[in-house]
Amino acid sequence: MTGATGALGRAVMAFLKDAGSCRAIGASRHAGGPDGLTLDVCDARQLAEALRQVRPDVILHFAGNYSTDFEQAFAANVNASRLLLEAVQQQGLRTRVVLVGSAAEYGAVQPEENPIREDHALNPVSLYGLTKAWQSQLARLYALRGADVLVARIFNAQGPGISEQLFIGRVQQQIDAVLSGRQSEIRVGPLSAVRDYISTAEAARQVAAIAACGESGEVYHVASGVPVTMREVLARQLARHGLDFSLVQEAAEFSNRTGYDVPAIYADTTKTARVLAAFDAAARV
């Protein structure tokens with residue numbers, strides 16, 4: 001697994017180790033321990049050497065970034081996936097590659113189009129969404145060339161260690177500041193948008209199921225399928241820490257989002273439910 005030290009990466013590693021059905025090896029720029037590899041996924045030579053060393057049956061490619069710099073975002077979210085797929089093919093490996101996508105690929109969705117299916121048109125409105133959409137198209141290209149590659153398209157994850165570049169992480173940072181007395185209020189942008197949140201633990205289970213039972217060339221949602229307003233998400237997060245909503249200051253000027261803000265997006269999880277059913281059935285055998 002690349003990107004193994006991120007919040008989702010850690011959750012998936014924990015799920016795989018608890019399942020005990022495979023040896024999970026985490027790779028990241030800061031990996032360590034007996035089952036850890038230090039790896040820069042943007043370095044073709046490092047990728048090739050890691051593949052020669054491990055010869056994996058499955059690669060879960062979680063590495064990426066939310067950079068607003070085009071070169072950095074393209075290198076991490078698109079070109080690294082290309083280098084990985086090229087290295088697998090060049091070494092003649094029969095390795096399944098699961099690329100981690102994002103709901104941001106869908107971009108400008110109208111409320112009445114929900115719940116969104118995996119075949120919905122991609123119309124990203126952010127650099128992150130754009131580069132992840134290119135990654136999905138790259139997966140399709142390599143699948144047509146014979147690669148065993150598929151996409152796990154993740155909606156909004158909620159759990160420990162979420163990046164501060166995302167809403168949950170930014171709010172948690174402010175909650176920690178309030179609890180320590182360093183801050184007296186929590187500042188957020190508009191909270192009317194509707195999103196689809198899934199716990200990192202459940203996301204890990206869905207990713208494992210997709211890797212085990214998904215069909216090559218396909219895209220699968222990693223999501224709850226349940227619409228929730230950002231106001232509800234924030235209220236629940238505050239309640240878990242015993243904090244009152246009166247601490248919240250809501251204003252457009254406090255948002256870190258630029259450009260178009262999708263009013264509502266949540267997933268159709270029909271395809272994922274079928275994969276989960278097959279995965280759970282196999283586990284019972």
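## Strand β8 and its partners

In strand β10, T229 is the bridge partner of V194. Three bridges join β8 to β10 (residues 227-229), and these two strands run antiparallel. Strands here are DSSP runs of E with at least two residues, helices are runs of H or I with at least four, and both are numbered from the N terminus; two strands pair if DSSP finds at least two bridges between them.

Strand β8 spans residues 194-199 and is mostly covered, with five of its six residues buried. Buried means under 20% relative accessible area, exposed means over 50%, and partly exposed lies in between (1.4 Å probe, protein chains only). Strand β6 is also joined to β8 by three bridges, and this pair runs parallel. Opposite I198 in β8 stands A157.

## Basis of the model

The model is predicted: local features need pLDDT of at least 70, side-chain atom pairs count only at pLDDT 80 or more, and totals for chains, interfaces and linings use all residues. Residues are numbered from 1 along each chain as its sequence is written, and side-chain values use heavy atoms, with hydrogens and water left out.

## Aromatic pairs

A search of the whole structure finds six aromatic pairs. Rings of Phe, Tyr and Trp (its six-membered ring) pair if their centres lie within 6.5 Å; planes under 30 degrees apart count as stacked, over 60 as edge-to-face and the rest as tilted. The pair of F74 and W134 is edge-to-face, because the ring centres are 6.1 Å apart and the planes stand at 75°. F74 lies in helix α3 (residues 70-90) and W134 in helix α4 (residues 127-144), so this pair ties together parts that are 60 residues apart in sequence. F74 counts as partly exposed at 30% relative accessibility, and W134 counts as partly exposed at 29%. Ring pairs link F70, F74 and W134 into a cluster.

The rings of Y106 and F155 form a tilted pair, because their centres are 6.3 Å apart and their planes are at 40°. Y106 is in the loop between β4 (96-102) and α4, and F155 is in the loop between β5 (149-154) and β6 (156-158), so the pair ties together parts that are 49 residues apart in sequence. Y106 is buried, with a relative accessible area of 0%; F155 is buried as well, at 7%.

## Charges over rings

A charge sits over a ring if NZ of Lys or CZ of Arg is within 6 Å of the ring centre and within 35 degrees of the ring normal. The charged end of R145 sits over the ring of Y142, 5.1 Å from the ring centre. The charged end of K271 sits over the ring of Y220, with 4.6 Å to the ring centre.

## The second largest pocket

The second largest pocket holds about 760 Å³ of space. Of the 30 residues that line this pocket, C22, R23, A24, V58 and I59 are the closest to its centre. At least two lining residues come from each of α1 (7-19), α2 (44-54), β3 (58-61), α6 (200-213) and α8 (270-284). By class, the lining has 25 nonpolar, two polar and three charged residues.

On a 1 Å grid over the protein atoms alone, a pocket is an open set of points where a 1.4 Å probe fits, with protein on both sides within 12 Å along at least five of seven lines; lining residues have an atom within 4 Å of a point. Grid points are joined across faces, edges and corners, and the volume is the space filled by probe spheres set on the points. Ala, Val, Leu, Ile, Met, Phe, Trp, Tyr, Cys and Pro count as nonpolar, Asp, Glu, Lys and Arg as charged, and the others, Gly among them, as polar.
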